[in-house]
Amino acid sequence: MYEFDYQRPSSLSEAASMLSGEATLMAGGQTLIPTLKQRLAMPSAVIDIGGIAELSGISAGGGSVSIGATTRHAAVADSADVKGAIPALAKLAEGIGDPQVRNMGTIGGSIANNDPAADYPAAVVGLGATVHTNKREIAADNFFTGMFETALAEDEIVTKVVFPVPEKAGYMKFPNPASRYAMVGVFVAQTGGGVRVAVTGAGPSVFRVAEMESALGGNFWASAIEGISVSADGLNADIHGSAAYRAHLVGVMARRAVAEAGG
Amino acid sequence: MPTVSMKVNGQDASADVEPRTLLVQYLREHLNLTGTHVGCDTSQCGACVVHVDGRSVKSCTMLAMQAAGSEVTTIEGLAQNGELHPMQEAFKENHGLQCGFCTPGMIMSAIDLVNRHPNPDEQTVREELEGNICRCTGYHNIVKAVLDASGKMGG
C-alpha cells in the first residue's frame, strides 16, 4: 500500500467536510483494502465512515425497507425486518462473499463501487430502490452508469437505500466458485409498478431485460420466459466464461429466480 | 505516526503504527502474536481470521486503525488456565489438521459459526467455512471437529 492519512469522522457532516482532493471513503474496506494492497489506488486520505452511527441500521414500515449505507451484509442477512418484508434481499446478502467478508462489507460500499459482478446492484435495480445521499435522492435506474461508475459526484456520500416492498421477489446467482462474485445474478420482482428483471455479473454494469419483464407481467411463471434469449453482444468475457455462456446463464438464472419468487 | 489502542485477548494493547498497517501486521509484528497467519493476503484463504468485537473477520483485509477501541481475540486468547478451548480440543481429537497452517483461522471461524448456529448440521458447517481454505485435509476431519465441538460449546 502507498501511504495515506487515516481519518475517522463521527458524523456525516464531518465526513463530507473531509472529502476533498484525492481522499477516498471507506466503510467496510472489503474492496478498498485489497485495491490499496495492489497499489491500484493512491488516495491521499482514507476517510473511514464505518463508525458513523447515523449511517447504519435497518428500519421497515410504510411499504418499504430502509438500509443505512454502512449496514453490513451480515446484518441485512440476519434482519427480521428484511427477512419478513423482502426475503430475497436477505438471501442475496447471505450469499455475498464469505462470512468474514459479510461481517465487514456494507451495502453503501458495494453500490458506490459498482463492481460489475457485485450482488447488491441487482437488488437495487430489481426492486426499483431509491439511493439517498447527503445531497439528493437518486432512482435506481439512474444510479448505476457503467463499469465501476455511478451517478455519485466526487463529494457525495450514500446515506441509505430505500427498497419498496414487492409483491414477490427472487434472486438467483451462479457464483464464481472461488470468489463467490456473481458470474451472473438475476433479481426478479413483481412490484406495484410492474415486473422488474435486473441482471448483474453479465455486463459492464447491472441492466434490465425488458422482454422478460413484459412477458412476466402477463404471466409470472418461469415458463413465460422460456424462449427469451439475451444477446451476448457487449457482455463480459473472461477466463471464467465467455459472453455466450453468460448470456445463456441469464436465461437460466432468470427462470430460477422467478421460481424462487414463487412463480 | 498515530497511536492505535485496542484490547487484545483481554489485555490493553497500544502501538504507534502507520495508517496503512493491517490488523494482522499489528498483531504479528507489533504485538508478536504470530498465531494468526498470513496465507494468501487477498481475503480468500482465511488463515488470518480473528474476532473483532465477537465477529470473525479477515485481519489481512482490515486496517489496525479500524479496530481501534475494539476487543480483539486471536487464537492465543482461546485457551483458559491451561485448558484448550473445546474447538481446539476437538480439532486435536478429530485430527482436524495436518500441516496446521490454516488451523488458527479455521478455529476462529468455526467458533464464530457455532456461536451463530449452536447446533449446526454438516451442510451448515461446510457452507460457513467457505471463507477458509485448507490444502491438506479435504475438510472431512475439520467438519467432524466442528460438529464435535458444537456439542460441547453450549453454556
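How many of the 14 residues of α3(B) are buried? Twelve are, so the helix is largely enclosed by the rest of the structure; buried here means under 20% relative accessible area with a 1.4 Å probe, protein chains only. The model is predicted, so local features need pLDDT of at least 70 and side-chain atom pairs 80 or more, while totals for chains, interfaces and linings use all residues. Residues count from 1 along each chain as written, chains are lettered from A, and side-chain values use heavy atoms, without hydrogens and water.

**The A/B interface**
- On the chain B side, 25 residues are in contact (heavy atoms within 4.5 Å) with 27 residues of chain A.
- About 2200 Å² is buried between the two chains, with 54% from carbon and sulfur atoms; that is accessible area (1.4 Å probe) lost on putting the parts together, summed over both.
- B:Arg20, B:Gln66 and B:Glu130 supply 30% of what chain B buries against chain A, more than any other three residues.

**Charged pairs**
- The rule finds three salt bridges across this interface, each a side-chain nitrogen of Lys or Arg within 4 Å of a carboxyl oxygen of Asp or Glu.
- B:Glu130 and A:Arg180 meet in a salt bridge at 3.4 Å, N to O.

**Helix α3(B)**
- Helices here are DSSP runs (H or I, at least four residues), numbered from the N terminus.

How values were computed
Buried means under 20% relative accessible area, exposed over 50%, partly exposed in between (1.4 Å probe, protein chains only). Helices (H or I, at least four residues) and strands (E, at least two) are DSSP runs, numbered from the N terminus.
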